[in-house]
Amino acid sequence: MPANSIFGVFAKSPIKPIQMHIDKVAACSELLVSFFQASAKPDWVEAEKIRKEISNLEKQADELKRELRLTLPRGLFMPIDRSDLIELVNRQDKIANTAKDIAGRLYGRKLQIPNEIYADFITYVQRCVDAVQQACKAINELDELLETGFKGREVDIVTLMIEELESIEDDTDSLQIRLRRDFLAVEQHYNPVDVMFIYQILEWVGQLADHSELIGTQLELILARS
Amino acid sequence: MDILATYGETLVIFAAFVGFLMAWGIGANDVANAMGTSVGSKALTIKQAIIIAMIFEFAGAYLAGGEVTSTIRKGIIDATFYVEQPELLVFGMTAALLAAGTWLIIASYYGWPVSTTHSIVGAIVGFSAVGVGMDSVTWSKVLGIVGSWVVTPLISGIIAYLIFMSSQKLIFNTRDPIKNAKRYVPIYMFLAGFMLALVTIIKGLKHVGLHFSIGEAFLLAILAGIVVAVIGKIFVNRVKIDPQADKAMHFANVEKIFAVLMIVTACAMAFAHGSNDVANAIGPLAAVVSIVGHDGEIVAKSELAWWILPLGGVGIILGLAIFGKRVMATIGTGITHLTPSRGFAAELAAASTVVIASGTGLPISTTQTLVGAVLGVGMARGIAALNLGVIRNIVISWVVTLPIGAGLSIIFFYMLKAIFS
């Protein structure tokens with residue numbers, strides 16, 4: 001005798017899965033710092049271990065994304081628009097993909113970051129990872145936002161977090177400009193193909209922060225619709 | 001007339017048996033809907049919920065179930081059409097009980113969320129309109145009842161929306177939610193206690209032999225509300241604030257305070273459910289007993305036999321005790337994101353609406369009122385995700401139940417007629 005119950009009305013909340021997803025994404029991009037450190041030594045055995053871990057976390061994030069999409073069928077009545085949520089997860093997912101691509105590209109070519117810019121480069125990576133973590137922090141406020149019906153003080157808190165995220169992204173932009181300028185000065189000493197790829201890595205690392213900022217914008221949009 | 005003289009006792013026993021089964025079915029199935037919110041939000045364990053439901057379902061049925069019982073018994077059909085052949089009314093009411101009970105069992109088997117109220121009202125209208133004549137149904141009253149099925153979820157939704165918004169404003173969106181929760185939660189408890197006490201005192205205590213004027217009733221209700229609030233306050237103060245819990249979720253401790261409030265609203269919900277839904281089982285039985293008891297005379301103003309309300313109440317709590325646990329266990333796993341602060345708003349709104357309906361004698365669906373309330377909280381952006389498809393199914397089963405209840409009751413009516421005459 002199945003329950004003659006109204007509780008089918010309550011659908012699975014998408015908030016927890018979204019938070020789990022960004023936690024995975026953040027863990028994945030965080031590994032990049034130690035990956036670059038290992039590759040600079042160069043300790044390619046260690047680097048490969050970390051690359052595998054990054055790729056593994058990316059896979060888990062993909063799995064979570066798929067699960068999340070399954071919990072979001074049409075016909076759900078939610079405080080956040082369905083398409084907004086899906087866009088949020090897509091943006092989150094891009095971070096994990098980028099992290100995987102960076103590690104893969106670097107390891108595949110056994111590419112090393114030139115000594116002249118190494119110190120600044122690690123700062124740059126760290127700052128981009130900071131942006132991801134800031135986005136993660138903001139997403140982890142979603143359950144508090146739900147508790148307060150997406151209004152009031154909690155919105156202010158999250159808005160502040162997004163502002164902070166934007167300023168981190170600005171930081172990474174100026175760091176990237178400086179790195180490009182410094183590298184331009186020494187690039188003729190390196191293999192031209194490597195140089196091309198190093199510019200690409202610089203860009204990709206920057207994308208970690210860019211995508212994080214886009215998560216912030218999406219969150220702002222969600223809050224603005226309240 | 002002869003039929004009643006010969007078979008009167010058999011008919012009463014049979015109707016009592018079917019009515020008891022029906023009450024049992026309501027207890028086993030329907031109560032889970034009323035209590036599930038509390039269990040789902042982990043404010044109560046299944047065992048606690050069942051104990052609360054047993055006490056308050058019975059109290060609601062006994063103290064405030066009289067008005068709706070009287071509507072079911074004699075409000076829907078025009079008794080003047082049965083003066084010549086009272087046995088038809090006896091058969092009809094028994095048939096209606098059988099029909100509603102059968103439909104409840106079928107629907108439970110398939111897991112359809114049907115309403116016992118809708119099936120019994122459909123069944124009574126069915127046998128009377130087809131078995132006796134279209135004019136024998138008090139259509140104005142039926143329209144009023146059906147209209148109330150649309151209006152009550154709406155009203156309870158609006159109340160839930162307002163209650164939820166007020167709790168947001170007074171508690172969640174403030175600098176110190178824990179302090180404000182401790183301050184305002186007892187006020188919500190007062191409201192719950194006041195509503196219940198008011199309806200009980202005005203409508204329920206009459207047949208216990210106590211009479212109060214409206215002014216006295218209000219005073220007593222306020223007093224009852226204060227008592228509830230004070231007891232609640234003591235428990236609220238005993239809630240252990242765990243700063244560690246707030247690290248994961250800023251409102252974890254506030255929710256703990258709301259969990260205490262949910263115990264009060266769960267009592268209110270059980271009481272409201274008992275007061276409205278017991279009538280579905282015993283209203284028809286009361287009609288049968290009254291006719292047979294007066295030797296076939298249909299008495300316009302007859303007292304409810306003393307044993308009928310308790311019979312319904314006992315039926316409900318037995319159903320609850322035997323099957324309710326299983327039904328509730330399936331619920332607890334279903335709800336993922338219903339916190340006490342949301343559950344309380346839905347329950348308080350639904351309980352108030354149902355209790356007021358019970359006071360005015362309107363047989364409404366507790367389940368749909370609760371769904372309306374849940375939607376109200378959803379409108380206030382309080383619930384992570386609601387399944388609109390399920391809500392659509394509930395509305396469909398609501399529409400389908402009326403003709404099916406009517407059809408079954410017509411079949412049973414002719415069967416009973418054939419057997420006894």
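## A loop in chain A

Lys110(A) lies in the loop between helix 3 (82-108) and helix 4 of chain A. Helices here are DSSP runs of H or I with at least four residues, strands are runs of E with at least two, and both are numbered from the N terminus. This is a predicted model, in which local features need pLDDT of at least 70 and side-chain atom pairs count only at pLDDT 80 or more, while totals for chains, interfaces and linings use all residues. Residues are numbered from 1 along each chain as its sequence is written, and chains are lettered from A and ligands numbered from 1 in the order in which they are written.

Lys110(A) counts as exposed because it has 11 C-beta neighbours inside 10 Å. For this count, C-beta atoms are placed from the backbone; a residue with 20 or more others within 10 Å of its own is buried, one with 12 or fewer is exposed, and anything in between is partly exposed.

You will find Phe150(A) in the loop between helix 5 (142-147) and helix 6 of chain A. Is Phe150(A) buried or exposed? With 21 C-beta neighbours inside 10 Å, Phe150(A) counts as buried.

Another loop, between helix 1 (15-40) and helix 2 (44-70) of chain A, holds Pro42(A). The peptide bond that leads from Lys41(A) to Pro42(A) is cis, with omega near -5°.

## Chain A as a whole

Stepping back, chain A has seven helices and one strand. Following the sequence, the elements come in the pattern α-α-β-α-α-α-α-α. Taken along the principal axes, the C-alpha atoms of chain A fill a box of roughly 75 × 40 × 20 Å.

Chain A has 226 residues, and 46% of them count as buried. Among the contacts in chain A with a separation of 6 or more, 87% are between residues 24 or more positions apart. Two residues are in contact if their C-beta atoms, placed from the backbone, lie within 7 Å.

## Helix against helix in chain A

Helix 4 (residues 115-139) and helix 6 (residues 153-186) of chain A have axes that come within 9 Å and cross at roughly 160°. The axes are lines fitted to C-alpha atoms over the stretch in contact, with angles from 0 to 180 degrees between N-to-C directions. Helix 4 of chain A and helix 6 of chain A are therefore roughly antiparallel to each other.

Nonpolar covers Ala, Val, Leu, Ile, Met, Phe, Trp, Tyr, Cys and Pro, charged covers Asp, Glu, Lys and Arg, and polar the others, Gly among them.

Ala26(A) sits in helix 1 of chain A. It counts as buried because 25 C-beta neighbours lie inside 10 Å. Leaving out residues up to four places away in sequence, Ala26(A) touches Val132(A), Gln133(A) and Cys136(A). The C-alpha atoms of Ala26(A) and Leu57(A), 31 residues apart along the chain, are separated by 9.6 Å.

## A look at chain B

In chain B, the axes of helix 7 (residues 177-204) and helix 12 (residues 340-360) come within 10 Å and cross at roughly 15°. That makes helix 7 of chain B roughly parallel to helix 12 of chain B. The residues in contact include Leu191(B) and Met195(B) of helix 7 and Phe344(B) and Leu348(B) of helix 12. By type, the residues of this contact divide into 12 nonpolar, three polar and one charged.

Gly376(B) belongs to helix 13 (residues 366-379) of chain B. With 27 C-beta neighbours inside 10 Å, Gly376(B) counts as buried. Apart from residues up to four places away in sequence, Gly376(B) touches Ser156(B), Gly157(B), Ile158(B), Ala160(B), Tyr161(B) and Ala349(B).

## How confident is the predictor?

Chain B has a mean pLDDT of 86, with 94% of its residues at 70 or more; pLDDT is the predictor's confidence in each residue, from 0 to 100. Among the elements of chain B, helix 6 (residues 139-172) has the highest mean pLDDT (94) and helix 9 (residues 245-248) the lowest (62). For the complex, the predictor gives an ipTM of 0.83 and a pTM of 0.88.

Notes. Parallel < 35°, antiparallel > 145°, perpendicular 65-115°, else oblique.
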